[in-house]
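Have a look at the sequence and the model on the screen, and then I'll walk you through it.

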Amino acid sequence: MRKLLSKSVLLAVLTAILLTMTAWAAEDTEGTVSVNALRLRTEPSTDSATITYLNSGDQVQILGEAGEWYQVSCGQYTGYVYAAYVESRGSQSVSADAAQESLAGKRGVVTANEVNFLNSPSADGEALATLEQGAEVTILNVLDTWCKVERDGQEGYVSGEYLSVDGLPLVDPRGVITGSCVNVRSIPSTDGSILTKVYAGNMVDLLSLEDNWYAVSVNGTKGYICADYVRVYTPGAAGTVGAEAAEAAYDYLGVRYVYGGASPKGFDCSGFTMYIYGLLGYSLPHSATSQWQSTGTYVEREDLQPGDLVLFCDPSLSKGKACSHVGIYVGDGEFIHASSSSTGYVKVSSLSESYYTKYYVGAKRVA
């Protein structure tokens with residue numbers, strides 16, 4: 001069983017947790033999961049990360065108790081589940097919080113275009129329909145990396161890679177910071193103290209979303225970031241990413257040129273391309289030459305697609321390096337770039353302009 005929500009956070013205050021746990025006598029007690037798609041978490045808290053999902057009938061070893069939670073092991077995984085959903089000795093009432101721990105019956109949202117709705121949990125299954133981005137399904141259970149869902153009265157399977165629930169993707173729940181410098185706060189409010197800061201293009205682990213605030217984990221620090229400054233990371237297929245990069249680049253037309261700049265306060269050429277692709281979860285070096293030499297795959301000029309990096313070398317500016325300038329192709333023979341000429345801002349230019357025709361080196365496709 002491959003875990004769906006990856007990148008688990010570290011156990012917080014381990015000693016305190018151990019003190020609150022009630023040990024079971026003699027040996028571990030077996031239990032049986034009673035619901036589908038039950039979250040197995042890293043800590044006994046709904047604010048902790050999900051390790052994987054358990055389904056009705058799964059057998060677990062109960063290692064201990066922590067309030068309403070059991071610490072359990074199941075196969076290769078160890079974590080915490082709501083005790084109300086594990087049948088062992090006696091029964092418990094189900095609290096309102098516990099009702100949120102199972103995905104069964106919850107609404108899933110498709111996060112990509114042309115996603116197959118299949119008759120079996122396999123890429124080789126027969127396609128019953130094709131779902132577009134934003135389509136809604138009802139989750140019935142989770143099987144390995146697949147979700148059994150209902151759509152318009154019909155049951156089928158969708159890859160968990162293309163579904164989100166409660167604003168979080170089921171697979172690899174990460175977000176990309178879109179603000180220049182964003183505060184991670186102790187509570188979901190601007191009144192909260194600042195625990196640390198994260199910068200544009202950096203990735204954070206997403207734990208939950210409520211009232212426009214994400215609970216996040218950043219290099220082991222847990223806190224909150226306003227959702228206005230986070231874009232959910234949804235890796236796309238080749239070509240899709242490029243189109244997204246080209247579209248995103250237009251949002252920064254007119255931003256001034258700043259040597260060494262890599263934020264909306266000011267860009268140089270490679271800082272601009274690095275920032276745009278950082279928003280999409282890709283790490284590019286801050287150098288036109290390095291982007292040419294170590295990024296992506298080579299693309300012939302006649303095969304250019306939106307999002308491809310286009311690179312140039314003016315010997316009077318390159319100081320002996322392979323490239324002196326880089327931009328992002330946007331289609332129709334044009335590219336967008338942070339120009340260091342007299343205009344000094346992010347602008348759209350044509351590859352057919354004599355300067356760019358003369359010094360064109362080549363193109364690279366990032367994804």
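One term before we start: when I say two residues are in contact, I mean they have heavy atoms within 4.5 Å of each other. And please keep in mind that this is a predicted model.

With that in hand, let's take Ser339. You'll find it in the loop between β29 (334–338) and β30 (346–350). Setting aside neighbours within four places in sequence, Ser339 is in contact with Tyr257, His325, Gly344, Tyr345 and Lys347. Is Ser339 buried or exposed? It's buried, at 3% relative accessibility.

Now let's zoom out to the whole chain. It has six helices and 31 strands. Of its 367 residues, 48% count as buried. If you take contacts between residues at least 6 apart in sequence, 57% of them join residues at least 24 apart.

So, on to the nonpolar cores. The largest one has 29 residues, and those touching the most other members are Tyr252, Phe267, Phe272, Ile276, Tyr277 and Leu309. Which elements give two or more residues to this core? They are α2 (240–249), α3 (269–279), α4 (288–294), β27 (309–312), β28 (325–331) and β29. The largest share, six residues, comes from α3.

How many of its eleven residues are buried? Ten of them, so the helix is mostly covered. The buried ones are Cys269, Ser270, Gly271, Phe272, Thr273, Tyr275, Ile276, Tyr277, Gly278 and Leu279. After α3 comes Gly281, with a positive phi near 90°.

Gly278 sits in α3, and its relative accessible area is 5%, so Gly278 counts as buried. Beyond its neighbours within four places in sequence, Gly278 is in contact with Val176 and Gly201. If you go from Gly278 to Ile177, you cover 101 residues along the chain, yet their C-alpha atoms are separated by 8.7 Å.

Gly201 is in the loop between β19 (194–199) and β20 (203–210). Leaving out residues up to four places away in sequence, Gly201 touches Val176, Ile177, Gly278 and Leu279. Gly201 and Tyr277 are 76 residues apart in sequence, and C-alpha to C-alpha they are 7.8 Å apart.

Next, cysteines. Just as a reminder, a disulfide is a covalent bond between the sulfur atoms of two cysteines. How many disulfides does the model have? The count is zero. The cut-off here is a pair of cysteine sulfurs within 2.5 Å. Take Cys313: the closest cysteine sulfur is in Cys323, and at 6.1 Å that is too far for a bond. Cys313 is buried, with 17% relative accessibility. Cys147 is buried too, and its relative accessible area is 0%.

A quick word on backbone angles. Most residues other than glycine have a negative phi. Two spots are worth a look with that in mind. Ala37, which is not a glycine, has a positive phi of about 55°. Ala37 is in the loop between β2 (29–33) and β3 (38–41), and at 0% relative accessibility Ala37 is buried. The other spot is Asn212, also not a glycine, with a positive phi of about 70°. Asn212 lies in the loop between β20 and β21 (213–218). With a relative accessible area of 38%, Asn212 is partly exposed.

The structure has three cavities of 30 Å³ or more. What does the lining look like by class? It has four nonpolar, four polar and two charged residues.

Terms used: Residues are numbered from 1 along each chain as its sequence is written. This is a predicted model: local features need pLDDT of at least 70, side-chain atom pairs count only at pLDDT 80 or more; totals for chains, interfaces and linings use all residues. Side-chain values use heavy atoms; hydrogens and water are left out. Buried means under 20% relative accessible area, exposed over 50%, partly exposed in between (1.4 Å probe, protein chains only). Helices (H or I, at least four residues) and strands (E, at least two) are DSSP runs, numbered from the N terminus. On a 1 Å grid over the protein atoms alone, a cavity is a set of points where a 1.4 Å probe fits but cannot get out, and a pocket is an open set with protein on both sides within 12 Å along at least five of seven lines; lining residues have an atom within 4 Å of a point. Grid points are joined across faces, edges and corners, and a volume is the space filled by probe spheres set on the points. Ala, Val, Leu, Ile, Met, Phe, Trp, Tyr, Cys and Pro count as nonpolar, Asp, Glu, Lys and Arg as charged, and the others, Gly among them, as polar. A nonpolar core is a set of buried Ala, Val, Leu, Ile, Met, Phe, Trp, Tyr and Cys residues joined through side-chain atoms within 4.5 Å.
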